[in-house]
Amino acid sequence: MEQTTWGWLIVIYLFLGGLGAGAFLCSALAYKGFLGKLDEKFYKFGFLLAPIAVIVGTLLLLFDLAPSAAINPAKIIGLYTRPVSIMSIGTYLLTFFIIVSVLVLLQVKKGGKICDMMLSLGSLLAIGVMGYTGLLLYVVKAIPLWASIWLPILFTISAISTGLSANAISVLSGGGVLSHESHKFHTILVALEIFALLMLFASVRNEAAGMASITKIVSGSLAPMFWIGFIVLGLALPLIGGSKFMLQRCGVTKDGAVCGCSEGVKSCVYNEYGVLIGGFCLRAFIVLGAIYIF
């Protein structure tokens, strides 16, 4: 039996929550110099995107799971009173991440040095938020596709990838270039994402409901979303582009081409948008392709 409880609002939350947390982590890495020499637009945009995306995603999550909370705030307060439940854990993670990410954004706006402790705390919370987007589904043991530990791992990798792409777009759209380190990091992420997806499918295929989910995703009604949106746009194009970059010399040629993007800067931007589309499609076919044990 297909699950019909969770739909597009959850899909959007899963995407925005992961995107915002991933953008923050990548911004923190860039700010500390772990992604090579990058334009400051890269980390500034990520620190701006992080709280906005997570706040919007959290509101959608609340609206979907507890629509009456808007007129009964006690229900929201109740989420903080059960620290052992997955919803309460997620509530604490989202709340603290939003607070820290807003404080970091204010520091960025002031133009001063960002506090190392805030960056470290924000990065840890970002990893927690990324993992929680997968754990929210993982706890539903009646759906084999969600009950694999590889799902939160896959969502975490994808979140970092989409966050990196969002930050990269802010640089590339202004005519800037990305560092060799950032391209290498993204190529590794895409490769890990492919591995995690294969492991997810392998871990659930022995269950009849799990195999039914895989069939629906790979060759059923969700196949176009899987093959075109996720595999081609989200994985293949950025993997090819990143691999080309790593084999070429860094910089911009006379005709405006960037390493690994022989068609120029616009091609790089399109690849990054493809990653965002792929990240959204991933969450969509995971949620919509879920089938209960039968």
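The model is predicted, so local features need pLDDT of at least 70 and side-chain atom pairs count only at pLDDT 80 or more, while totals for chains, interfaces and linings use all residues. Residues are numbered from 1 along each chain as its sequence is written, and side-chain values use heavy atoms, with hydrogens and water left out. The protein chain has 10 helices and zero strands, where helices (H or I, at least four residues) and strands (E, at least two) are DSSP runs numbered from the N terminus.

**Overall fold**

- Read from the N terminus, the elements run α-α-α-α-α-α-α-α-α-α.
- Of the 294 residues in the protein chain, 52% are buried; buried means under 20% relative accessible area, exposed over 50%, and partly exposed in between, with a 1.4 Å probe and protein chains only.
- Among contacts with a separation of 6 or more, 76% are between residues 24 or more positions apart, a contact being heavy atoms within 4.5 Å.

**Aromatic pairs**

- Rings of Phe, Tyr and Trp (its six-membered ring) pair if their centres lie within 6.5 Å, with planes under 30 degrees apart counted as stacked, over 60 as edge-to-face and the rest as tilted.
- The count by this rule is 14 aromatic pairs.
- One of them joins Phe 226 and Trp 227 edge-to-face, at 4.9 Å centre to centre and 85 degrees between the planes.
- Phe 226 counts as buried because its relative accessibility is 4%, whereas Trp 227 is partly exposed at 41%.
- Phe 226 also pairs edge-to-face with Phe 285, at 5.3 Å centre to centre and 75 degrees between the planes.
- Elsewhere, Phe 24, Tyr 31, Tyr 43, Phe 47 and Phe 97 form one aromatic cluster.

**Charges over rings**

- A charge sits over a ring if NZ of Lys or CZ of Arg is within 6 Å of the ring centre and within 35 degrees of the ring normal.
- Lys 141 places its charged end over the ring of Tyr 138, 3.5 Å from the ring centre.
- Arg 283 has its charged end over the ring of Phe 155, 4.9 Å from the ring centre.

**Surface**

- The protein chain has an accessible surface of about 13,100 Å², with 71% of that belonging to carbon and sulfur atoms; such areas come from the Shrake-Rupley method with a 1.4 Å probe, and for residues only the protein chains shown count as cover.
- Leu 59 lies in helix 2 and counts as exposed because its relative accessibility is 53%.
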